[in-house]
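Have the sequence and the 3D view open as you go.

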Amino acid sequence: MSLVTLAEVLQPALRQGHAVAGLVTLGWEDMRAYVAAAEAEGMPVILQAGPSCREHTPLPVLGKMFTYLAENASVPVVAHLDHGYTFEDCKIAIESGFTSVMFDGSRKPLAENIAETKAIADMAHAAGVSCEGEIGFVGYSGGENSAGTDPEEAAQFARETGVDAMAVSVGNVHLQQDAGDGLDEDRIAAIEAVTDVPLVIHGGSGVPLAQRRKLAQGSKVCKFNIGTELRMAFGSALRDAIGSDPERFDRVQILKDTHDPLVAATRRVLVGFKGA
């Protein structure tokens, strides 16, 4: 198909009542499996390079990997920078062929977050690239606590930054290994009432499957970021592959055995975001 922007997959999702998965990548093995799963389900997919991925592989290399997969895929693929913390992070991603950047200024005061996000959104749009921002703070399991998104601040943020998608804090938590109590649907509805910008849920692994489907089909939540549950699936498959033959040492042969289990796990995730 082709490499597309975030706006090009989220706007149809908003109109048609489904969501798109933002899948957190760490290397070639999971990227390839995610695209294979998306092709099997006939759904677009967002490949995301977060901070830990970027520590391991430079952005220019990741850009080429994402682009190669997109150009050979039968479904739309977004190359997305996840949690860019600086203008320079986002600039390098754009120069490296990414079609979407997420600037995370959520720890900053509101005015500073708006000003910096707007500057990055303007840069991205000038290059034909989408921009996601975050208002409120999504915390981490076992780490920093969340600060819920204020609907009026969300309306101001969306209006003044011009972002194509807005990540919100509504009970979601990064790195959660088990489904939690679910998201605050009243807060989501209050945010939806004051903006038409597609909403993004970070920490989607901790959202119960039934609620994912409900929000995908009946709200402005158009993107769920999924990382932890698929990293767990990969880790389990890798342990099985290593344990199946203690004499085997070729990592390429070992890693091949993770492909089918990860594709199957990813397909189960994607099905939950389909429309009615």
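R267 is partly exposed in this predicted model, because its relative accessible area of 34% falls between the 20% and 50% cut-offs. R267 sits in helix α12, which covers residues 259-271. Below are its contacts, then another arginine, a threonine in a loop, a pocket, the nonpolar cores and the cysteines.

**R267 and its partners**
- Leaving out residues up to four places away in sequence, R267 touches A37, A40 and E41.
- R267 and A36 are 231 residues apart along the chain, yet their C-alpha atoms are 9.0 Å apart in space.

**R213, on helix α9**
- R213 belongs to helix α9, residues 209-218.
- Is R213 buried, partly exposed or exposed? R213 comes out as partly exposed, with a relative accessible area of 35%.
- Setting aside neighbours within four places in sequence, R213 is in contact with V271, G272 and K274.
- R213 and F273 are 60 residues apart in sequence, with 5.6 Å between their C-alpha atoms.

**T57, in a loop**
- T57 lies in the loop between α3 (51-56) and α4 (59-71).
- T57 counts as buried because its relative accessibility is 13%, and the cut-off for buried is under 20%.
- Beyond its neighbours within four places in sequence, T57 is in contact with L62 and M65.

**The second largest pocket**
- The second largest pocket holds about 200 Å³ of space.
- W28, E29, R32, R251, V252, L255 and K256 line the second largest pocket.
- Which helices each supply at least two residues of that lining? They are α2 (28-41) and α11 (251-256).
- The largest share, four residues, comes from α11.
- Sorted by class, the lining has four charged residues, three nonpolar ones and no polar ones.

**Nonpolar cores**
- In soluble globular proteins, nonpolar side chains tend to be buried together.
- The largest nonpolar core here has 66 residues.
- Within that core, F98, V101, M166, F224 and F273 touch the most other members.
- For M166, contacts beyond four places in sequence are G133, I135, A154, F157, A158, I191, T195, V197, P198, L199 and V200.
- There is also a second, separate core of twelve residues, with V20, I46, V200 and C222 among them.

**Cysteines**
- A disulfide is a covalent bond between the sulfur atoms of two cysteines.
- How many disulfides does the model have? The count comes to zero, with a cut-off of 2.5 Å between the sulfur atoms.
- C53 is buried, with a relative accessible area of 1%.
- For C222, the closest cysteine sulfur is in C131 at 16 Å, so that pair is also too far apart for a bond.
- C222 counts as buried because its relative accessibility is 0%, and C222 is one of the members of the second core.

Methods: Residues numbered from 1 in each chain as written. Predicted model: local features only at pLDDT ≥ 70, side-chain atom pairs only at ≥ 80, totals over all residues. Heavy atoms only, no water. 1 Å grid on protein atoms, 1.4 Å probe; cavity = no way out; pocket = protein on both sides within 12 Å on 5 of 7 lines; lining within 4 Å. Points joined across faces, edges and corners; volume = space filled by probe spheres on them. Nonpolar A, V, L, I, M, F, W, Y, C, P; charged D, E, K, R; others polar. Core = buried A, V, L, I, M, F, W, Y, C linked by side-chain atoms within 4.5 Å. Buried < 20%, exposed > 50% of the residue type's maximum accessible area, 1.4 Å probe, protein only. Contact = heavy atoms within 4.5 Å.
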